[in-house]
Amino acid sequence: MDRLNRIQVSVSSNDDMNISRRSGSNNCAMRLRRGPKCYILAATFFFFIFLIYVNDLTYITAYLNKKVPVHRHVVRWLDYKLKIDHRKPRIMITYKGRLGNHMFEYATLMGMARRHNMTPIIPEDLDVLDVFKLPTLQGGLDLLREPKSYPEEKAATYYKGVENIDRTCDAYLEGYYQSWRYFDNLREELLTKHFVLHESLKSAAKEYIRKLLEERNLEGAVLVSIHVRRGDFVRQKVKGYTAAPIPYYYRAMNYFRKKYGKVMFIICTNDLIWAETNLDEGSDVHYSHETDGSLDLAIMISCDHMIITSGSYSWWAGYLVRGEVIYYAGYPQPNTKIGNLTVKEDYYPPYWQGRW
């Protein structure tokens, strides 16, 4: 006769289920637990499965870095290679420095591609793609076919060698190419088709400004952004870097106050303590405490006019503003490393106002 099998089930108040099965001399116990740890592990597992499924860490990365989430505009060479005229020469450029430098290099690339009827290509990891919806093809240097190189002579001086680029073969531009003359032939196109903010950045900047004007009761005020560049520009004067002095800001701000009356100044800076300590604290002055450089740039170029100081980041904030731009005429310091590389007529557009 088979031995009698007994199954004992008990449910405790803390939602633990015990199942015991006894069979003769064999004693087998199974314990199933449905507690908090079980739910946490299950939730974590499904969360990672979800991440693998969507394959997009944009929002998580943005949250960790306190940045506005942005989805890059992808225009891969491989996706468009069947639509490209491969008979046309191709052109690429080096990307030295940081965001502001890269914007100069990108704009120069576009200007030369248009001037010489060439196909421009940019790298897929270019940081400018995190700010703007660039419509340009993305690919590696291997796409260039035995290119000729064109190294610039001076960083902030127009290099006439670009006027004689060989149109029978691919080209590779080497340098910073920091002159408005390289891309003056398509300024309007740069503003409307290339340096177009991602929607998330545009919306964030618009909402930032709306709340500010509402809090200050200055709706309808003329918006003037100010970029205060210090940091390395204070520490490395011997190279020719110069930080704008305090009177420069007050004179520039008073110019806009007198001209427009109702004005709202938004100050963005890499030295917030210095700026808040030394500059104006009026009801029409606001200091951005944003740590996201992309959002600060979006806020500045969303304004009507601009007061810039030194550096390529500041320069581009001014270039992308439609209205008046005042720049610090004391940069760079003459007879220095940076000063000898710069021709101011090539570096600053003629329609900007230089002031001390």
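Q: Is Asn335 buried or exposed?
A: Start with the terms. Buried means under 20% relative accessible area, exposed means over 50%, and partly exposed lies in between, with a 1.4 Å probe and protein chains only. Asn335 is exposed, because its relative accessible area is 72%.

Q: What kind of model is this, and how are residues numbered?
A: This is a predicted model, in which local features need pLDDT of at least 70 and side-chain atom pairs count only at pLDDT 80 or more, while totals for chains, interfaces and linings use all residues. Residues are numbered from 1 along each chain as its sequence is written, and side-chain values use heavy atoms, with hydrogens and water left out.

Q: How many helices and strands does the protein chain have?
A: Helices (H or I, at least four residues) and strands (E, at least two) are DSSP runs, numbered from the N terminus. The protein chain has 13 helices and 14 strands. It has 356 residues, and 48% of them count as buried.

Q: What share of the contacts join residues at least 24 apart in sequence?
A: Contact means heavy atoms within 4.5 Å. Take the contacts in the protein chain between residues at least 6 apart in sequence: 67% of these join residues at least 24 apart.

Q: How do I read a helix pair, and at what angle do H6 and H10 cross?
A: Two packed helices are described by the angle between their axes and the distance between the axes. The axes are lines fitted to C-alpha atoms, for helices over the stretch in contact, and angles run from 0 to 180 degrees between N-to-C directions. Here H6 (residues 199–216) and H10 (residues 293–301) have axes that come within 9 Å and cross at roughly 65°.

Q: Is the crossing of H6 and H10 left-handed or right-handed?
A: If the near helix is turned anticlockwise from the far one by less than a right angle, the crossing is left-handed; if clockwise, right-handed. The H6 and H10 crossing is right-handed. H6 contributes Leu201, Ala204, Ala205, Tyr208 and Ile209 to the contact, and H10 contributes Ser294, Leu295, Ala298 and Ile299.

Q: How many residues of each class are in the contact of H6 with H10?
A: Ala, Val, Leu, Ile, Met, Phe, Trp, Tyr, Cys and Pro count as nonpolar, Asp, Glu, Lys and Arg as charged, and the others, Gly among them, as polar. This contact has eight nonpolar residues, one polar and no charged ones.

Q: Which residues of H6 are buried?
A: Leu201, Ala205, Tyr208, Ile209, Leu212 and Leu213. They cover an arc of only 125° around the axis, so they sit on the same side of H6. The arc is that of the directions from the helix axis to the C-beta atoms. Lys206 and Glu215 are exposed on the other side of H6. The cover over the buried residues of H6 includes strand S9 (222–228), strand S10 (263–269), strand S11 (285–287) and H10.

Q: How many of the residues of H10 are buried?
A: Eight of nine, so H10 is mostly covered. The buried residues of H10 pack against H4, H6, S9, S10, strand S12 (305–307) and helix H11 (312–319).

Q: What length does H8 reach from its first C-alpha to its last?
A: The expected span of a helix is 1.5 Å times one less than its number of residues. H8 (residues 246–260) has 15 residues and reaches 22 Å, close to the expected 21 Å. Its buried residues are Tyr248, Tyr249, Ala252, Met253, Tyr255 and Phe256. They cover an arc of only 145°, which puts them on the same side of H8.

Q: Which peptide bond is cis, with omega near -5°?
A: Most residues other than glycine have a negative phi, and most peptide bonds are trans. The bond from Tyr331 to Pro332 is cis. Pro332 lies in the loop between strand S13 (325–328) and helix H12 (337–340). Asn335 lies in the loop between S13 and H12, and its phi is positive, near 60°.

Q: What is the phi of Asn117?
A: Positive, about 55°, although Asn117 is not a glycine. Asn117 lies in the loop between helix H4 (99–116) and strand S5 (119–122). Just after H6, Asn217 has a positive phi of about 55°.

Q: Which residues does Ala155 touch, leaving out those up to four places away in sequence?
A: Tyr176, Tyr177, Gln178 and Leu341. Ala155 lies in the loop between strand S7 (148–151) and strand S8 (171–174). Ala155 counts as buried, because its relative accessibility is 17%.
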